[in-house]
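Subject: Structure handover and notes

Hello,

Here is the structure I said I would pass on. Please open it alongside this message and follow the notes below.

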Amino acid sequence: MAPHSALRSLLLVSFSVFLTVALGVGLPAILNASMRTVGLPETSVTECAGQSCVHYRLRQRVWTRTCETPARARLHRLRGVSPEGRRRRRRQRTGGVSLGSHECGPAGRVQRRAGLWAVVNNAGVSTFGEVEFTSMDTYKQVSEVNLWGTIRVTKAVLPLIRRAKGRVVNLASMYGRMGNIMRSPYCISKYGVEAFSDCLRYEMKAWGVKVSVIEPGNFIAATGILTRDVVASTANKLWKEAPSQVKEDYGKAHFDQHMALMRSYCNSGQKDVASVLDAITDAIRSKHPYTRYTPQEPHWWIRMQLMTHLPGAVSDFLYF
């Protein structure tokens, strides 16, 4: 190895270790000190590191100024409203169009209205399966909704958003920032949403349009998107449609072990989507919205930081 390559590697590892220590120890201490300075109660170090909650509370109480938007009067009342009430109000704000809709027809009807301040691309589907067990049709179907649907809806309403100097809010995922076993179709689509959002943000800066990405963590318990019945039906489909050579090489024991892992995720994660709704609300209302919001459990937030900042060899050793 050339001397400069060795030095570069050493500097990279040193920086990664420093950043990890700073995120895990220094940042919570700084945030707690800031809380004391402005007279607000401290929160736990884990909560600060995992949810950036102190920063968010400081933003809300001290220096955030919300902009005057047509939806502001309705948005601030979302807290405490039932899920059905939230859905009804979302339909009211969009003239009967679901915020998650990826149909060009409704988007066209929105364009014929007087104006549009914000679009929230929320619709999404998910599945699981190792790469060699996953068909190309599955990859296409997941990306058709999660990625191409987001792009289509955004393009359809972007002229109105641009003229209003409004907001584009895209729902990605923690899996838009890091991969995982058996989740490649979903990860690919959400990585794409992240890339699309970044490119759009660069382009829209000159127009005064803010583009934000929401990166939820594990909300299986809240959404019911994964159940034991879903795991069973998906497992049967994966095994039935897998090539015979793949079945022979991997073996049924290996396959069943991974399906048991997926069953263990059922009913896991956060049970309330309030943090996601708060993030969406802030992205629409705030005068200075964040580029990314991370409503995640502490251990998932820490994992995402480690996997995106540490050298691949280190994060692979820690998690795989």
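The notes start with the chain as a whole and then go through selected helices, loops and residues.

This is a predicted model, in which local features need pLDDT of at least 70 and side-chain atom pairs count only at pLDDT 80 or more, while totals for chains, interfaces and linings use all residues. Residues are numbered from 1 along each chain as its sequence is written, and side-chain values use heavy atoms, with hydrogens and water left out.

Overall

The protein chain has 15 helices and 4 strands. These are DSSP runs, numbered from the N terminus: helices are H or I with at least four residues, and strands are E with at least two. Of its 320 residues, 45% count as buried. Buried means under 20% relative accessible area, exposed means over 50%, and partly exposed lies in between, using a 1.4 Å probe and protein chains only. The accessible surface of the protein chain is about 17,200 Å², computed by the Shrake-Rupley method with a 1.4 Å probe. Carbon and sulfur atoms hold 58% of that surface. Among contacts with a separation of 6 or more, 69% are between residues 24 or more positions apart; a contact means heavy atoms within 4.5 Å.

Helix α12 and its cover

Helix α12 covers residues 252-265. At 1.5 Å a residue, its 14 residues should span 20 Å, and its end C-alpha atoms are 20 Å apart, which agrees. The expected span is 1.5 Å times one less than the number of residues. Which residues of α12 are buried? They are Phe255, His258, Met259 and Met262. Seen down the axis of α12, these buried residues fall within an arc of 100°, so they line one face of the helix. The arc is that of the directions from the helix axis to the C-beta atoms. An α-helix has 3.6 residues a turn, so residues three or four places apart point the same way. On the other side of α12, Ala253 and Gln257 are exposed.

The cover over the buried residues of α12 includes α10 (228-241). Val231 is found in α10 and counts as buried, at 1% relative accessibility. Leaving out residues up to four places away in sequence, Val231 touches Phe128, Leu226, Met259, Met262, Arg263 and Cys266. Val231 and Met262 are 31 residues apart in sequence, and their C-alpha atoms are 6.9 Å apart. Ala232, also found in helix α10, counts as partly exposed at 40% relative accessibility.

After α12

α12 is followed by Asn267, whose phi is positive, near 65°. Ser268 lies in the loop between α12 and α13. Not counting residues up to four places away in sequence, Ser268 touches Asn218, Ile220 and Ala221. Ser268 and Ala222 are 46 residues apart in sequence and 8.8 Å apart in space, C-alpha to C-alpha.

Helix α13 runs over residues 274-285. Its 12 residues should span 16 Å at 1.5 Å a residue, and the end C-alpha atoms are 16 Å apart, in agreement. The helix is mostly covered, with 10 of its 12 residues buried. Among them are Val276, Asp278, Asp282 and Arg285.

Helices α14 and α15

Helix α14 (residues 298-309) packs with helix α15 (residues 312-319) at an angle of about 145°, and their axes are 7 Å apart. Axes are lines fitted to C-alpha atoms, for helices over the stretch in contact, and angles run from 0 to 180 degrees between N-to-C directions. Arg303, Leu306 and Met307 in α14 meet Ser315, Leu318 and Tyr319 in α15.

Around strand β2

Lys165 is in the loop between α7 (136-164) and β2 (167-171). Lys165 is not a glycine, yet its phi is positive, about 55°. Most residues other than glycine have a negative phi. Met182, in the loop between β2 and α8 (184-204), also has a positive phi, near 65°. Is Met182 buried or exposed? At 4% relative accessibility, Met182 counts as buried.

Arg167 is found in strand β2 and is buried, with a relative accessible area of 4%. The C-alpha atoms of Arg167 and Val209 are separated by 5.7 Å, although the two are 42 residues apart along the chain.

Regards
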